[in-house]
Structure formats: C-alpha cells, structure tokens
Amino acid sequence: MSVLNRLASALGRRDEIPNQELARDLAARKDSRGIQEIAENLWSKDKSIQADCIKVLYEIGSIEPGLISGYAEDFVKLLRSKNNRLVWGGMTALAEVAKSNPDAVFQHLDEIKKAKETGSVITVDNAISTLVYTTAANEKYSQAVFPYLLKHLMSCRPKEVPQHAEKILPAVRSANKADFVKVLEKLTDDLSGSGLARLKKVIKKADLV
C-alpha cells in the first residue's frame, strides 16, 4: 500500500497528527522505500500532498537526520519555490540534514543565505539553525560561515538578538569566541530587562568555551 494513503490530506484531516505518526513509523522502521515515495511527492501537482510530504520528511529528520540527508538537493530546490510553506519546510529539513551531513549543506551556502534574506520568520530561524549546525562541524566551515552569523546578529532587531545569540552559541569555539563576545557586548547597549539578562548569560557561556 502506498504511504501516501496515510497523509493527513488523504485522510481528510486538517491537523498534522497523521503526518507525525507516519514520520515516526517510517523512522522507526528505517523504511527507505517509503521515505523515497514521500520525497518524490514533494513535486506532486497537489499542494496539500506537497505540504504533507515536506512535513513528514522534516519530522523524520528530527528523529533520525541521516534518513533524509540524501534528499538535501531536493530541499535546496524547495527554497526557490513560490509556495512559502515549501520554502520554510525545505529550510527546516535542511537544518536536520546539517546535523548528520553538513557537507551536503555547505555546498549550497549561497542559496541558503539568499532564502534567509528574503524569507519568512520561520525560514530565517531555520536558516540560522542550518548554518549553525554546518559551522559547528569543523574549522573550515566555521571560518567560512561564522562571520556571516555575526553579521546576521548585528542586523537583528534588538528584541531578536538574545534568541539568535542563543541559537548561534553551539557554533562558538575557542578560535571565534572573542569575536562573538565582542559583537554581543556592543549589542547590550540596545537591551534592557530580561533581554539584557539573557544576552549576558550567552556571553558568560561563550567565555567558558
């Protein structure tokens, strides 16, 4: 039986529970054939099927990133879609792929940055996660990507700075922590209250790296 019959849209459901259950089942069984069928239907003419399929794929990725890493090229292609659901869904999937296969993501940095610059809030958040996981992989990737993450921090609205600084913290290493702390200390001038307290916590954690 086709796994497509278990998608939310096929069941006449408007919630995501069927897609989440399908993802858990495919991941638990490491069902590569079923996952492939879902990936192939990212290009269905039915927008509901497309939306269900990207949901299933990034949910699988959140359980076992390696099971979807072979579809990195498909997720990058989704970043060019005119359908915003597919754009941020593709970026969410890439964030999972970056955990197990940063090499596949690193090849597409320009497209990821471009999608981040023009994308929705969800796209931006997941783009930062994608870049952070890639940066954390090794020194070469860190040198190539970390300056861009610092630039992003400096362009954030003040209220967004603590959240994004927390997101970027896993990419901080001894070689770049001084630059990171320097940027954050500059940004403390625009913050107060709980936002300032959160940022000071990040600075303290970075100092311990």
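Guide: A salt bridge here is a side-chain nitrogen of Lys or Arg within 4 Å of a carboxyl oxygen of Asp or Glu. Note that the model is predicted.

Visitor: How many salt bridges does the structure hold?

Guide: It holds twelve salt bridges. Arg6, Asp25, Arg29 and Asp31 are linked in a network of them.

Visitor: What does Glu111 form a salt bridge with?

Guide: Its partner is Arg80, with the closest N and O atoms 2.6 Å apart. Glu111 is in helix H7, while Arg80 is in the loop between helix H4 and helix H5, 31 residues apart.

Visitor: Is Arg80 buried or exposed?

Guide: Arg80 is exposed, at a relative accessible area of 57%. Glu111 counts as partly exposed, at 28%.

Visitor: And which residue pairs with Glu139?

Guide: Arg173 does, and the closest N and O atoms are 3.2 Å apart.

Visitor: Changing topic: at what angle do H9 and H11 pack?

Guide: The angle is about 5°, and the axes are 10 Å apart. That makes H9 roughly parallel to H11, because angles under 35 degrees count as such.

Visitor: Which residues make the contact?

Guide: H9 contributes Phe146, Leu150, Leu153 and Met154. From H11 come Asp179, Phe180, Val183, Leu184 and Leu187. By class, the contact has eight nonpolar, no polar and one charged residues.

Conventions:
Residues numbered from 1 in each chain as written. Predicted model: local features only at pLDDT ≥ 70, side-chain atom pairs only at ≥ 80, totals over all residues. Heavy atoms only, no water. Axes fitted to C-alpha atoms, helices over the stretch in contact; angles between N-to-C directions. Helix = DSSP H or I, 4+ residues; strand = E, 2+ residues; numbered from the N terminus. Parallel < 35°, antiparallel > 145°, perpendicular 65-115°, else oblique. Contact = heavy atoms within 4.5 Å. Nonpolar A, V, L, I, M, F, W, Y, C, P; charged D, E, K, R; others polar. Buried < 20%, exposed > 50% of the residue type's maximum accessible area, 1.4 Å probe, protein only.
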